[in-house]
Amino acid sequence: WTDTDSNAATASWAPEVDIQEFENRFQLFVDLPGVEPREVEVTLDNDVLTISGERNFPPLKEGEQAINRRAERGHGTFYRRFILPETVDADNVVAKGQNGVLEISIPKQAKAQPRRIEVAA
C-alpha cells in the first residue's frame with residue numbers, strides 16, 4: 001500500500017484512514033463524520049484507489065451570523081489516493097457508509113494453485 005501524497009495541491013483536508021489486511025481482503029475505515037455516504041466518490045482505476053468528496057461547515061440557522069468561529073475539524077474538499085497491490089480483485093470492491101465511517105472492503109484474488117500438467121507423448 002502506498003498513500004500518494006497528492007493531498008496538498010488538491011484538497012483542503014485529508015480524512016484519517018485505517019487499513020487492515022486479512023488473508024482474503026483489505027479493509028479500509030475512513031473517518032468522514034458529517035459527510036453523506038452518497039456524496040463520497042470512490043474509484044479504482046489501474047490499481048489506484050481514490051476517495052474524494054467535500055465536508056462543509058454546519059449551516060447556520062436563518063438570520064444567524066457567527067461572531068467567532070473556531071474550526072479544528074477539516075472542512076472543504078478532501079482527497080486520498082492509495083496504490084493497491086496487484087493482488088486485489090477490482091471487480092468485487094464494496095463500499096458502505098455508516099455512523100460517519102466509510103468502510104471499503106477490497107477482496108484479494110484467489111491465488112493460483114500449483115498443478116501438475118500432463119505431458120502428452
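D47 is partly exposed, with a relative accessible area of 30% (partly exposed lies between buried, under 20%, and exposed, over 50%; 1.4 Å probe, protein chains only). The model is predicted, and local features need pLDDT of at least 70, side-chain atom pairs count only at pLDDT 80 or more, and totals for chains, interfaces and linings use all residues. Residues are numbered from 1 along each chain as its sequence is written, and side-chain values use heavy atoms, with hydrogens and water left out.

D47 is in the loop between β4 and β5, where strands are DSSP runs of E of at least two residues, numbered from the N terminus. The phi of D47 is positive, near 65°. N46 is placed in the loop between β4 (41-45) and β5 and has a positive phi near 50°. N46 counts as exposed because its relative accessibility is 68%. Most residues other than glycine have a negative phi.

H75, in the loop between β5 (48-55) and β6, counts as buried because its relative accessibility is 15%. The side chain of H75 reaches the backbone oxygen of R73 at 2.8 Å. Not counting residues up to four places away in sequence, H75 touches S12, W13, R55, N56, F57 and P58 (contact: heavy atoms within 4.5 Å).

D89 lies in the loop between β6 (76-83) and β7 (94-98). Residues up to four places away in sequence being left out, D89 touches P107, K108 and Q109. D89 is buried but has no salt bridge (a side-chain nitrogen of Lys or Arg within 4 Å of a carboxyl oxygen of Asp or Glu). The nearest side chain of opposite charge, R25, is 12 Å away.

Conventions
Helix = DSSP H or I, 4+ residues; strand = E, 2+ residues; numbered from the N terminus. Lys, Arg positive; Asp, Glu negative; His and termini not counted. Polar contact = N/O pair within 3.5 Å; in protein donor to acceptor, adjacent residues only side chain to side chain.
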